[in-house]
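This report is meant for someone meeting the structure for the first time. Please look over the sequence and the model before reading on.

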Amino acid sequence: MEAAIDRIMHTYDLLANRTSAASAEAREKVTNYITTLMEAGEKDTHRLTVCGLTYLRQLDGSVDPVKAGYTGL
């Protein structure tokens, strides 16, 4: 689990500059999320990494086209 979380945070930190407080908050949230996935039976580290990155990107709005600035025009 720790390897997946470290990989998630390393990749997520490369996507944008964040304060250390924001990174710590993101790590806490993704740790809780990954723990939930593992308790549900997911054991594949690669899948956990992808799910964790997707989760964090949904939280910060970077996968939402409107929040990302896309207006459709």
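## Overall make-up

Helices and strands are taken here as DSSP runs, a helix needing at least four residues and a strand at least two, and they are numbered from the N terminus. On that basis the elements of the protein, followed from the N terminus on, run α-α-α, and the secondary structure comes to three helices and zero strands. The model is a predicted one.

The protein has 73 residues, of which buried residues make up 21%. Its accessible surface comes to about 5,000 Å², and 55% of that surface belongs to carbon and sulfur atoms. Where contacts join residues at least 6 apart in sequence, 57% of them link residues that are at least 24 apart.

## Helices α1 and α2

Helix α1 covers residues 2-15 and helix α2 covers residues 20-39, and the two pack at an angle of about 140 degrees with their axes 10 Å apart. Angles over 145 degrees would count as roughly antiparallel and those from 65 to 115 as roughly perpendicular, and α1 and α2 are therefore oblique to each other. In passing α2, helix α1 makes a right-handed crossing.

On the α1 side, the residues that meet α2 are E2, I5, D6, I8, M9, Y12 and D13, while α2 contributes S23, A26, R27, V30, T31 and I34. Sorted by class, this contact of α1 with α2 holds seven nonpolar, two polar and four charged residues.

## Helices α1 and α3

Helix α3, which spans residues 45-60, packs with α1 at an angle of about 40 degrees, and their axes are 9 Å apart. Angles under 35 degrees would count as roughly parallel, and α1 and α3 are therefore oblique to each other. The crossing of these two helices, α1 and α3, is right-handed.

From α1, the residues A4, R7, I8, M9, T11, Y12 and L15 take part, and they meet T45, H46, L48, T49, G52, L53, L56, R57 and D60 in α3. By class, the contact of α1 with α3 consists of eight nonpolar, five polar and three charged residues.

## Helices α2 and α3

For the remaining pairing, α2 and α3 pack at an angle of about 135 degrees, and their axes lie 10 Å apart. That angle makes α2 oblique to α3. Helix α2 passes α3 in a right-handed crossing.

The contact is formed by A26, K29, V30, Y33, I34, L37 and M38 of α2 together with L48, C51, G52, Y55, L56 and L59 of α3. In terms of class, eleven nonpolar, one polar and one charged residues make up the contact of α2 with α3.

## A closer look at Y33

Y33 lies in helix α2. Is this residue, Y33, buried or partly exposed? The cut-off for buried is under 20% relative accessible area, and exposed means over 50%; at 27% relative accessibility, Y33 therefore counts as partly exposed.

Leaving aside residues up to four places away in sequence, Y33 touches C51, G52 and Y55. Between Y33 and L48 there are 9.5 Å in space, taken from C-alpha to C-alpha, and the two are 15 residues apart in sequence.

Definitions and conventions:
Residues numbered from 1 in each chain as written. Predicted model: local features only at pLDDT ≥ 70, side-chain atom pairs only at ≥ 80, totals over all residues. Heavy atoms only, no water. Axes fitted to C-alpha atoms, helices over the stretch in contact; angles between N-to-C directions. Left-handed = near helix turned anticlockwise from the far one by under 90°. Contact = heavy atoms within 4.5 Å. Nonpolar A, V, L, I, M, F, W, Y, C, P; charged D, E, K, R; others polar. Buried < 20%, exposed > 50% of the residue type's maximum accessible area, 1.4 Å probe, protein only. Areas by Shrake-Rupley, 256 points an atom, 1.4 Å probe, with all protein chains shown as cover.
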